[in-house]
Amino acid sequence: MTERRVRHELPTARWPDEAAAARARWFSPLRLGPSCVAETRTWVPAMVPWRASEDGFVTPAVLDWYGRFARGRPGVLVVEATGIRDVPSGPLLRVGHDRFLPGLRDLVARVRAGSGGRTRLLLQVIDFLSIRRRPEPAKYFGRFLALDGAHRRRMADALGDPSWLAADEAATRARLLAGPRSLHEAVLDAREIEALDFGARERVGDVHLPRVAELPRVLPGLFADAAARARAAGFDGVELHFAHAYTMASFLSPLNRRADGYGGPRENRVRLPLEVLSAVRARAGDGWCVGIRFLGDESIAGGFGVDEAAWFGERFARAGADFLSVSRGGKFEDARRPAVGEAAYPYTGPSGHECMPTVLSDARGPFGRNVPLAAAVRGAVRAAGLETPVITSGGIGTFEQAEGILERGEADAVAAARQSLADPDWFLKVRLGRGAEVRRCVYTNYCEGLDQRHRQVTCKLWDREFRAGDPAVALSRDGRRRLVAPEWNPPTP
Ligand SMILES: Cc1cc2nc3c(=O)[nH]c(=O)nc-3n(C[C@H](O)[C@H](O)[C@H](O)COP(=O)(O)O)c2cc1C
Ligand code: SF4
């Protein structure tokens with residue numbers, strides 16, 4: 001973002017009374033495919049809270065986290081990005097093997113119990129490529145750099161000394177480490193400089209790597225197996241994660257120049273996402289809900305914008321997606337340089353701001369700034385004669401915002417991530433005419449900062465209500481934060 005940032009006030013909120021809420025569009029049902037109906041158009045989109053075990057299992061803390069959201073009775077609750085492969089991924093929830101099923105069944109049971117069976121529960125399924133932490137320069141030059149003849153030639157040129165063409169490897173590495181930076185820039189190629197500055201990151205175009213070349217062959221099956229497990233665990237559906245910085249979003253991006261029929265023109269870039277959708281549909285069956293989250297705008301140089309997103313949306317809808325959830329940005333390409341020993345995080349750059357906008361924003365401000373993208377996707381889908389529901393998110397935290405979006409036909413459901421994190425009961429409070437009791441998100445991204453460091457995500461507003469030493473309050477590993485939002489007991493009718 002080049003514009004100057006200014007601090008924005010939260011929009012004023014006028015909450016409806018119970019009768020007005022009962023008539024509201026936001027609290028009216030929404031069909032998500034032939035046999036899945038959400039009781040309301042309120043939606044909690046996927047949020048990784050870093051509660052899974054180190055090997056990807058559901059833990060009691062995961063159950064508490066989703067059970068807490070369920071008590072606010074959102075129409076739809078999407079469970080965090082869950083890995084489809086059976087490979088170690090740290091404390092990221094996983095669905096890549098049947099051994100994860102019992103935990104996922106418990107999760108479904110907890111949400112059914114918490115919401116009285118009224119919340120539709122979806123699992124967001126994800127694939128991602130490898131990304132390394134930013135290395136110590138000594139390690140990078142000493143071990144990771146694959147030194148070859150081209151490096152030696154560029155080094156001899158840069159230093160004006162042909163003896164580097166045949167120099168001893170250890171001496172060459174040591175000389176490179178000694179720098180200066182201009183020497184690194186003269187000798188390393190762009191990807192190597194990136195690996196030094198950010199940590200090495202695979203891309204879908206790295207087809208010289210067999211595991212990347214084979215993605216179109218293996219991903220449809222992996223996603224389909226994951227969906228079949230989600231169905232067996234009792235979920236109402238899956239959300240295919242085609243958004244942000246991950247594998248499937250990278251296939252959709254114009255930065256994907258694969259020459260195997262899966263990159264280049266948009267018809268090729270959408271091919272694998274459509275093959276995944278069709279494999280998932282075939283395995284999961286017609287009645288079960290299969291939706292897609294994708295970007296309405298990549299918000300990076302060389303990325304796609306809203307026109308292409310609308311075209312993708314139409315293709316997904318024609319191919320039978322049960323809903324389209326439109327997000328924005330969240331890419332690695334413009335992420336901030338991480339500290340040595342840490343990995344780049346795709347929500348730190350300008351495209352990250354577009355994904356999770358804060359009150360420190362450009363003149364347009366953070367509130368509902370991505371709604372026009374959903375509206376454009378919805379317009380293209382409706383123009384094609386399809387009724388596929390479109391979901392919007394991003395800086396929406398009041399009833400009036402949500403109701404206005406639905407009234408104007410900009411989206412069919414309105415999602416709120418951080419506002420629901422700040423107050424998981426907020427949907428219920430509004431519905432009961434008790435909006436004045438909503439704990440309002442202040443959009444300064446304390447939670448996102450925790451996510452960035454893979455620490456247990458909590459909301460800074462909960463802490464104010466935290467009483468140290470209360471045995472009923474589960475604490476974070478650092479012992480300073482409550483792990484779930486404070487209780488709120490709805491009045492008995
Ligand atoms: C802590 C945290 C974790 C998130 N994890 C995911 C995720 O797993 N998958 C996803 O699609 N989006 C994820 N998001 C993005 C949200 O779903 C949402 O798109 C974004 O926060 C903007 O909505 P909001 O303004 O209502 O918060 C995450 C957001 C936060 C704050
Ligand atoms: S930590 Fe801040 S941005 Fe995150 S949910 Fe709480 S108030 Fe909102």
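I sorted the shell around ligand 2 and got 9 nonpolar, 2 polar and 2 charged residues. I counted Ala, Val, Leu, Ile, Met, Phe, Trp, Tyr, Cys and Pro as nonpolar, Asp, Glu, Lys and Arg as charged, and the others, Gly among them, as polar.

The model is predicted, so I kept to its limits: local features need pLDDT of at least 70, side-chain atom pairs count only at pLDDT 80 or more, and totals for chains, interfaces and linings use all residues. Residues are numbered from 1 along each chain as its sequence is written, chains are lettered from A and ligands numbered from 1 in the order in which they are written, and side-chain values use heavy atoms, without hydrogens and water.

I looked up which residues are closest to ligand 2 and found Arg418, Cys441, Asn445, Cys447 and Cys459. Helix H18 (418–422) is one of the helices that supply at least two shell residues each, and H18 gives the largest share, 3 residues. Helices here are DSSP runs (H or I, at least four residues), and strands are E runs of at least two, numbered from the N terminus.

Next I checked helix H17 (residues 399–407): 7 of its 9 residues are buried (under 20% relative accessible area, 1.4 Å probe, protein chains only). Among them are Phe399, Gln401 and Glu403. The buried residues of H17 pack against helix H16, strand S11, strand S12 and helix H19. After H17 comes Gly409, with a positive phi near 70°.

Last, I looked up Phe316. Beyond its neighbours within four places in sequence, Phe316 is in contact (heavy atoms within 4.5 Å) with residues including Phe242, Leu252 and Phe294.

Note on methods
Near = heavy atom within 4 Å. Buried < 20%, exposed > 50% of the residue type's maximum accessible area, 1.4 Å probe, protein only.
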